[in-house]
Amino acid sequence: MRTDTGHLLTGFGGSVVRVRADRLMAIILLLQHRGQVTAAEVARELEISERTARRDLDALGMAGVPVYSVQGRGGGWRLVGGARTDLSGLTAGEARALFLVAGPASSVTPAVKAALRKLVHALPEPFRAQAESAAASLVTDPHRWGSNRVEPRPPRFLDELQDAVIRGVQVRLGYVDRERTETERTVHPLGIVAKGPSWYLVSHTEAGRRTFRIDRVSSVDPTADPVHRPDDFDLAESWRAIADEVERKRTPLEARAMCAPHGMDVLRMGFGARLEVGGATADGRIEVVIRGNDEHILAGELAGLVEYLEVTGPPRVRDHLASIGDVLAERYGSALATAGPFSRQAVRPGRVRCGGSLADRLE
């Protein structure tokens, strides 16, 4: 990182290596924002001792940052010539986006919220006011209507495994699989993924790349051996491949169908990642593949979409659909025959209005 005066903030040597880089960056941002700070002010802002604050300020000078002290009453520490150091490169929009996750109802950990609240005090104007507003502007409620509101707790060994990933060290991992068999192995932690309420560890092992559910981890013992990380490893790409493989194993059955264009939004909402969209047919319909794990259940899901969908295979799913149609016709056919046009129209889906409550205000 280079300052406007040309100094580099890399390669901290000697005693500077032992000083936390995040604290040094926060101190420089404080100097940049306030013009002058005392060791006592730095200590209060960063929740450290004054002795540590003075040592950090001295370390900045040793690292080549243009900082100097003013002695006597009203003294403190300043950047030479008001030098500006852009450590983050944040634009105003990026600062707002960053602090959206620091709000009181966000789902990030308390440690992340605390770190961002400290950082907001070091941001230069006009970013600071906008960042503070952003932190209070968004509420995230991860629960669907009618769902259980009990928040799942983070798994027991999440912090230890995250630390191993960051430090790049191997761990001896105790693990209980789905068959309740407990094993122990040495793994190379490559990354951690949160999938809904579940957390997963992506690792390299003697048997190749493996993914472990962290709530099934029974012990974590870090070693001093470094992780062997493939040069081409990308956690996001690796997880996409893992997720696709898991989805296909969970839903190995594929139903082929043709869908009317106006029904595609319904299919996307109903099936999500289980839907694969193909090309258009000669009559304007769209070829689709819908995955499931049981012929009868999949036929039941498709039965309510006959207005948009014609299932072309496999034959077993079509047979189940025909059976469902026979049962529906037998059970409800006589009722529809005697019902008038108004009654038939009344059973069609429509908008449901709530009673006199706050729900009326939800558009």
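Biologist: Is Arg248 buried, partly exposed or exposed?
Modeller: Arg248 is partly exposed, because its relative accessible area is 41%. Buried means under 20% relative accessible area, exposed means over 50%, and partly exposed is in between, with a 1.4 Å probe and protein chains only.

Biologist: What am I looking at, anyway?
Modeller: This is a predicted model, where local features need pLDDT of at least 70, side-chain atom pairs count only at pLDDT 80 or more, and totals for chains, interfaces and linings use all residues. Residues are numbered from 1 along each chain as its sequence is written, and side-chain values use heavy atoms, with hydrogens and water left out.

Biologist: Back to Arg248. Which side chain does Arg248 meet in a salt bridge?
Modeller: Glu254, at 3.7 Å, N to O. A salt bridge here is a side-chain nitrogen of Lys or Arg within 4 Å of a carboxyl oxygen of Asp or Glu. Glu254 is partly exposed, at 36% relative accessibility.

Biologist: Which residues are linked in a network with Arg248?
Modeller: Glu254, Glu276 and Arg291 are linked with Arg248 in a network of salt bridges.

Biologist: How many salt bridges does the structure hold?
Modeller: It holds 14. One of them joins Lys249 and Glu245, with the closest N and O atoms 3.3 Å apart. The two are separated by about one helical turn, because they are four residues apart in helix H8. Helices (H or I, at least four residues) and strands (E, at least two) are DSSP runs, numbered from the N terminus. Lys249 is exposed at 64%, while Glu245 is partly exposed at 45%.

Biologist: What about Glu295, which side chain does it meet?
Modeller: Arg316, in a salt bridge of 3.2 Å, N to O. Glu295 is in helix H10 and Arg316 in helix H11, so the pair ties together parts 21 residues apart in sequence.

Biologist: Switching to the inside. How many residues has the largest nonpolar core?
Modeller: It has 21 residues, and those with the most contacts inside it are Leu267, Val288, Ile290, Leu302 and Leu309. A nonpolar core is a set of buried Ala, Val, Leu, Ile, Met, Phe, Trp, Tyr and Cys residues joined through side-chain atoms within 4.5 Å.

Biologist: Which element supplies the largest share of this core?
Modeller: S9, with four residues.

Biologist: And Trp77, buried or exposed?
Modeller: Buried, because its relative accessible area is 15%. Trp77 is in strand S3, residues 76-79. Trp77 and Leu31 are 46 residues apart in sequence, but 7.6 Å apart in space, C-alpha to C-alpha.

Biologist: What is phi of Glu47?
Modeller: Near 55 degrees, a positive value in a residue other than glycine. Glu47 is in the loop between helix H2 (39-46) and helix H3 (50-62). Arg180 also has a positive phi, near 70 degrees. Arg180 lies in the loop between strand S4 (169-176) and strand S5 (182-195).

Biologist: Last one. Where does Asp232 lie?
Modeller: In the loop between strand S8 (217-226) and helix H8 (235-250). Asp232 counts as exposed, because its relative accessibility is 67%.
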